[in-house]
Amino acid sequence: MPTKKRISTPGALAHIMVRGINGIEIFTDDSDRSYYLELFTKSIEVTGYLCYAWVLMSNHCHFVVGL
């Protein structure tokens, strides 16, 4: 089911959460985490957003991003 369009206000903070389906692990080791952070860093650089906080756990992760 698609989500409703969100309003994006310059300077606003967004909480982004990603998790594995049914709680399955999305990271199995540190190399998985490092690769994920490399991809995330590239996407942040392309968009021009700022990442203020992040945490990676075995089955989900959280990011606080400035729009």
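Reader: Why does Ile24 count as exposed?

Author: Let's set the value against the cut-off. This is a predicted model, and in it Ile24 has a relative accessibility of 52%. Exposed means over 50%, so Ile24 counts as exposed.

Reader: Where does Ile24 sit, and how far is Ile24 from His60 in space?

Author: You'll find Ile24 in the loop between β1 and α1. Ile24 and His60 are 36 residues apart in sequence, and their C-alpha atoms are 8.8 Å apart in space.

Reader: On to the rings. How do you know that Phe27 and Tyr36 are an edge-to-face pair?

Author: A pair of aromatic rings is described by the distance of the centres and the angle of the planes. The structure holds three aromatic pairs. In one of them, the ring centres of Phe27 and Tyr36 are 5.2 Å apart, with the planes at 80°. Centres within 6.5 Å make a pair, and planes over 60 degrees apart make it edge-to-face, so that is what this pair is called.

Reader: And what makes Phe40 and Phe63 a stacked pair?

Author: Here the centres are 4.0 Å apart and the planes are at 20°. Stacked needs an angle under 30 degrees, so Phe40 and Phe63 are stacked. This pair links distant parts of the chain, with Phe40 in helix α1 and Phe63 in strand β3, 23 residues apart. Phe27, Tyr36, Phe40 and Phe63 form one aromatic cluster.

Reader: Why is strand β3 called largely enclosed?

Author: Count its buried residues: five of the seven in β3 are buried, so the rest of the structure largely encloses this strand.

Reader: Which strands pair with β3, and how do you know that they pair?

Author: Two strands pair if there are at least two bridges between them. Strand β1 (residues 13-19) has seven bridges to β3, in the antiparallel sense, and strand β2 (residues 50-56) has six, antiparallel too. Both counts pass the mark, so both strands pair with β3. To find your way on the model, look for Ala14 opposite Val65 in β3 and Leu56 opposite Cys61 in β3. A hairpin of three residues joins β2 to β3.

Reader: How do you know that Cys51 and Cys61 don't form a disulfide?

Author: The nearest cysteine sulfur to that of Cys51 belongs to Cys61, 10 Å away. The structure holds zero disulfides. As for accessibility, Cys51 is partly exposed at 28%, whereas Cys61 is buried at 0%.

Reader: What makes the contact of Arg33 and Asp30 a salt bridge?

Author: Side chains of opposite charge can pair when their charged atoms come close. From N to O, Arg33 and Asp30 are 3.4 Å apart. The limit is 4 Å, so this is a salt bridge, and the count comes to one salt bridge. Arg33 and Asp30 are three residues apart in helix α1, about one helical turn. Arg33 is partly exposed at 22%, while Asp30 is exposed at 58%.

Reader: Last one: which residues make the nonpolar surface patch?

Author: Leu13, Leu50 and Tyr52 make a patch of about 350 Å². Take Leu13, in strand β1. A patch residue needs over 30% relative accessible area; Leu13 has 57% and counts as exposed, so Leu13 passes that mark.

Note on methods:
Residues numbered from 1 in each chain as written. Predicted model: local features only at pLDDT ≥ 70, side-chain atom pairs only at ≥ 80, totals over all residues. Heavy atoms only, no water. Phe/Tyr/Trp six-rings, centres within 6.5 Å; stacked < 30°, edge-to-face > 60°. Helix = DSSP H or I, 4+ residues; strand = E, 2+ residues; numbered from the N terminus. Buried < 20%, exposed > 50% of the residue type's maximum accessible area, 1.4 Å probe, protein only. Patch = residues over 30% accessible without salt bridge, like charges linked within 9 Å, V, L, I, M, F, W, Y side chains within 5 Å. Areas by Shrake-Rupley, 256 points an atom, 1.4 Å probe, with all protein chains shown as cover. Salt bridge = Lys/Arg side-chain N within 4 Å of Asp/Glu carboxyl O. Disulfide = S-S within 2.5 Å.
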